[in-house]
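Thanks for coming, everyone. Please have the sequence and the model open while I talk.

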Amino acid sequence: MQSDLPTIPTTLDADEVVARLRNRSKRGKLPGFNDTPTQGIASVAAYGTPFDGTLLIEHAATELRFDAKLNKRVPTIFAIILVLTVWPGLPLTDSFLSNFLWYEKLLAKGLATWMWYVPTTILPLPFVWRTAIKKSKASIHAHALETIEKLRPVLSEND
């Protein structure tokens, strides 16, 4: 796990770490807790805007390491919806604008709706996508830092 997130030094073994995390989760203080992740010993939710992520926790001898990952499912669905909603907007826009005399005159001069509609809807998509992913990763990272600081006293002490 390579990450720029801080680590937590601990003398606890992995089972004790998971037990303490589970206890916090049962008290409602650790949303999205999962003690059977595909990576690490546990994971918790890392909220982001507009897409959420996961904070993975790995036990490495004398410390806990963390890695924040963007969940891929919702962004993938969002991308598909973005692409699929471009084309249905063309006939709707065309039928709406055809009600105006000035637009009918433009159509008579050879301008078709798709000539301006497709570029103005498709060209911004990569920029919208890149901005959403970048913003999500930044907010997931910020939430991960907050979560780690809340977990530090719980996981670094030995009862």
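**A walk through the sheet and its helices**

Let's start with one residue. Ala 46 lies in strand E2. Keep in mind that this is a predicted model.

Is Ala 46 buried or exposed? Ala 46 is buried, because its relative accessible area is 0% and the cut-off for buried is under 20%. What does Ala 46 touch, once we leave out residues up to four places away in sequence? Asp 52, Gly 53, Thr 54 and Leu 55 are on the list. So that you can find the others: Ile 140 and His 143 are there too. Now look at Trp 116. Ala 46 and Trp 116 are 70 residues apart along the chain. Their C-alpha atoms are separated by 40 Å.

Next, the sheet. In what order do its strands stand? The order is E1-E4-E3-E2. That is an open sheet of four strands, with antiparallel pairing.

Which strands stand at the edges? Strand E1, residues 8-9, and strand E2, residues 42-46. Each has a single partner strand, so one side of each has no neighbour in the sheet.

E1 runs antiparallel to strand E4, residues 63-70, and two bridges join them.

Five bridges pair E2 with E3, in the antiparallel sense. Val 44 has Leu 55 in E3 as its bridge partner. A hairpin of six residues links E2 to E3. Look inside that loop. Pro 50 lies there, between E2 and E3. What kind of peptide bond joins Thr 49 and Pro 50? A cis bond, with omega at about 0 degrees. For context, most residues other than glycine have a negative phi, and most peptide bonds are trans.

E3 and E4 run antiparallel, joined by eight bridges. E3 is mostly covered, with six of its eight residues buried. Ile 57 sits in strand E3, residues 53-60. Why does Ile 57 count as buried? Because its relative accessibility is 0%, and anything under 20% counts as buried. Across the pairing, Ile 57 stands opposite Phe 66 in E4. Ile 57 also lets us compare sequence with space. Leu 155 is 98 residues from Ile 57 in sequence. C-alpha to C-alpha, the two are 11 Å apart.

Follow the chain out of E3. Ala 61 lies in the loop between E3 and E4. That hairpin has two residues between the strands. Is Ala 61 buried or exposed? Ala 61 counts as exposed, because its relative accessibility is 64% and the cut-off for exposed is over 50%.

Back to helix H5. Thr 147 lies in this helix. Thr 147 counts as buried, because its relative accessibility is 9%. Which residues does Thr 147 touch, not counting those up to four places away in sequence? Leu 30, Val 44 and Leu 55.

Last stop, two helices. H2 covers residues 73-97, and H5 covers residues 125-156. Their axes come within 12 Å and cross at roughly 160 degrees. That makes H2 roughly antiparallel to H5, because angles over 145 degrees count that way. The crossing is right-handed.

Who meets whom? From H2 come Pro 75, Thr 76, Phe 78, Ala 79, Leu 82 and Val 86. From H5 come Leu 125, Trp 129 and Ile 133. How many residues of each class are in this contact? Eight are nonpolar, one is polar and none is charged.

That's my tour. Over to you.

Technical notes: Residues are numbered from 1 along each chain as its sequence is written. This is a predicted model: local features need pLDDT of at least 70, side-chain atom pairs count only at pLDDT 80 or more; totals for chains, interfaces and linings use all residues. Side-chain values use heavy atoms; hydrogens and water are left out. Buried means under 20% relative accessible area, exposed over 50%, partly exposed in between (1.4 Å probe, protein chains only). Axes are lines fitted to C-alpha atoms, for helices over the stretch in contact, and angles run from 0 to 180 degrees between N-to-C directions. Angles under 35 degrees count as roughly parallel, over 145 as roughly antiparallel, 65 to 115 as roughly perpendicular and the rest as oblique. A crossing is left-handed if the near helix is turned anticlockwise from the far one by less than a right angle, and right-handed if clockwise. Contact means heavy atoms within 4.5 Å. Ala, Val, Leu, Ile, Met, Phe, Trp, Tyr, Cys and Pro count as nonpolar, Asp, Glu, Lys and Arg as charged, and the others, Gly among them, as polar. Two strands pair if DSSP finds at least two bridges between them.
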